[in-house]
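Subject: Structure handover

Hello,

Here is the structure I promised to pass on. Please open it alongside this message.

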Amino acid sequence: MSDPLWYKDAIIYQLHVKAFLDSNASGVGDFRGLTEKLDYIRELGVTALWLLPMYPSPFKDDGYDISGYYDIHKDYGTLKDFEDFLNEAHRRGLRVITELVINHTSDQHPWFQDARRDPASPYRDFYVWSDTDKKYAGARVLFGDTEKSNWAWDPEAKLYYWHRFFSHQPDLNYDNPKVRQEVLNVMKFWLDMGVDGLRVDAVPYLVEREGTTCENLPETHEVLRDIRRSVDAAYPDRMLLAEANQWPTDVRPYFGNGDEFHMAFHFPLMPRMFMAIRKEEREPIAEIIRQTPPIPPSCQWGLFLRNHDELTLATVTDDERDYMYREYASDPRMRLNIGIRRRLAPLMDRDRRKIELLNSLLFTMPGTPIVYYGDELGMGDNIYLGDRNGVRTPMQWTGDRNAGFSRADTAMLYCPINVDPVYGYQGLNAEAQQRVPNSLLNWTKRLITVRRQYKTFGRGSLELINPANRAVLAFVRKYEGETLLLVHNLAGSAQPVELDLRRFIGAEVIELLGRTRFPRVAEHPYQLSLSPYGFFWFKLDMPQRVRGRS
């Protein structure tokens, strides 16, 4: 575990501790339960885990409202349980990435409680206060369906406090050096324990300035560079991952010159993959690839199909948003904020071919793929649960009571098990899929196995090929003399395609998933037939003369 660029080759599995396995019949998953299931995660083939917030919290925002940074939520166990989990994960070669919310705290955090009670409190200046709610009028309200303003009145302090998220989450004041130092202390605490990476939440909003949108400000980048310098000085093999739900050109500065974040999510790519497969047209994906700027060699995009939040539509046009709602969220209950709160399999109408195609796109695009827990099984969602809970239901381990997730009375579970006729745990669970060689779970394992054999996927360049058939997305990935050709049919019908591969004349073409040898590349266009939603992963083994020329 010594490669400082380990995150470029990683495959990340994202999970919520409370949703994975309950070891003590409390109805809530915990670290002892998660530790029991580490072999399952290792056998899936992923190399890292990303844990959603695990800190003390009143859970008004599913743990993103942190009331204590130096402990584990009591429902999940103790710090000792977490350390045992971390040691067992490392023993299996799995790295651990934890969530860190540094933009805001819960209003129940002792800092805020002390700040609101006493104007002379050393914590008063940990937050952003005002005697008017008219300041920073240029800042958008992120959750406009629930919050009408970024200011909330505190009757105890008799002042307004600033919050970019929910009103129970007051923003920290990064103009205060003591806040910056405290955040560094928190990071040091968890990194000293052995955490391999930190996913830093909501980074565009750290600093406020009048007359601006209060997003992506130069002062915010100064804060982030200070954090990176401190982390690099003491922990050169750790990784910082930015959550910045912005257009690629706006996210690019969060990499800096390789001196801010190691990784950042590529939010706009995800909805365009869903658009492309519905339109049976490559242009939505091709366009966002063309508009993605180069990033420093040490940096990496984080890629995902689905995660714990809604499928965000914040980075699409109004017409594209309407299209996505119409195609993927006809029931208003499927919508939340500016997005769609559904899992991958229901979005694809449980069409195995579409699910496989999207996973192929995820694993072949430049960046580090992130798999959301349960999507390897094709788990469903529950649109009748509030907020984002519909995509955060318990992991479906077996067909037994409570899906093998918990021995507690069913009424005690933190969230109902999915009992849907199509996606219910009785028929859709890990135990059943482990026994079926062709299950989605075992197919996913095979895909991950192949991807891990080629560093080009995580580190290589990308060059689009533009065949006449617009239903086909084809591109070449290159890294250190290795060349891969990826071809995807986005249509629900079989498609022919001719690819201009003249610069690879003489290359041997090997299909990676089946190890099948295809005809060598010749002077004429390379012809392929693709099944509905079919795809090929090819390696081009070039003669020395071609390799030298390319």
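Below is what was found in it, topic by topic.

This is a predicted model, in which local features need pLDDT of at least 70, side-chain atom pairs count only at pLDDT 80 or more, and totals for chains, interfaces and linings use all residues. Residues are numbered from 1 along each chain as its sequence is written, and side-chain values use heavy atoms, with hydrogens and water left out.

**Cavities**

Rolling a probe the size of a water molecule over the atoms shows where empty space is left. A cavity here is a set of points, on a 1 Å grid over the protein atoms alone, where a 1.4 Å probe fits but cannot get out. Lining residues have an atom within 4 Å of a point. Grid points are joined across faces, edges and corners, and a volume is the space filled by probe spheres set on the points.

The count is three cavities of 30 Å³ or more. Helix H13 (352-364) and S14 each supply at least two. Helices (H or I, at least four residues) and strands (E, at least two) are DSSP runs, numbered from the N terminus. By type, the lining of the largest cavity holds six nonpolar, two polar and three charged residues. Ala, Val, Leu, Ile, Met, Phe, Trp, Tyr, Cys and Pro count as nonpolar; Asp, Glu, Lys and Arg count as charged; the others, Gly among them, count as polar.

The second largest cavity holds about 50 Å³ of space. Ile 102, Met 187, Val 200, Leu 224, Ile 227, Leu 240, Glu 260 and Phe 261 line it. That lining divides into seven nonpolar, no polar and one charged.

**Aromatic pairs**

The structure holds 42 aromatic pairs. Rings of Phe, Tyr and Trp (its six-membered ring) pair if their centres lie within 6.5 Å; planes under 30 degrees apart count as stacked, over 60 as edge-to-face and the rest as tilted.

Take Phe 112 and Tyr 161: their ring centres are 5.1 Å apart and their planes are at 70°, so the pair is edge-to-face. It links distant parts of the chain, with Phe 112 in helix H5 (residues 110-117) and Tyr 161 in strand S6 (residues 159-162), 49 residues apart. Phe 112 counts as buried because its relative accessibility is 1%. Buried means under 20% relative accessible area (1.4 Å probe, protein chains only). Tyr 161 is also buried, at 6%.

Phe 143 and Phe 166 have ring centres 4.6 Å apart and planes at 35°, so that pair is tilted. These two lie 23 residues apart in the chain. Both Phe 143 and Phe 166 are buried.

One aromatic cluster includes Phe 31, Tyr 55, Trp 111, Phe 189 and Trp 190.

**Cysteines**

Cys 214 is buried, with a relative accessible area of 1%. Cys 415 is buried at 5%.

**Asn 382**

Asn 382 sits in the loop between strand S14 (368-372) and helix H14 (430-434). At 19% relative accessibility, Asn 382 counts as buried. Its side chain reaches the backbone nitrogen of Tyr 384 at 3.0 Å.

Best wishes

Key. Buried means under 20% relative accessible area, exposed over 50%, partly exposed in between (1.4 Å probe, protein chains only). A polar contact is a pair of N or O atoms within 3.5 Å; within protein, one must be able to donate a hydrogen and the other to accept it, and residues adjacent in sequence count only if both atoms are side-chain atoms. On a 1 Å grid over the protein atoms alone, a cavity is a set of points where a 1.4 Å probe fits but cannot get out, and a pocket is an open set with protein on both sides within 12 Å along at least five of seven lines; lining residues have an atom within 4 Å of a point.
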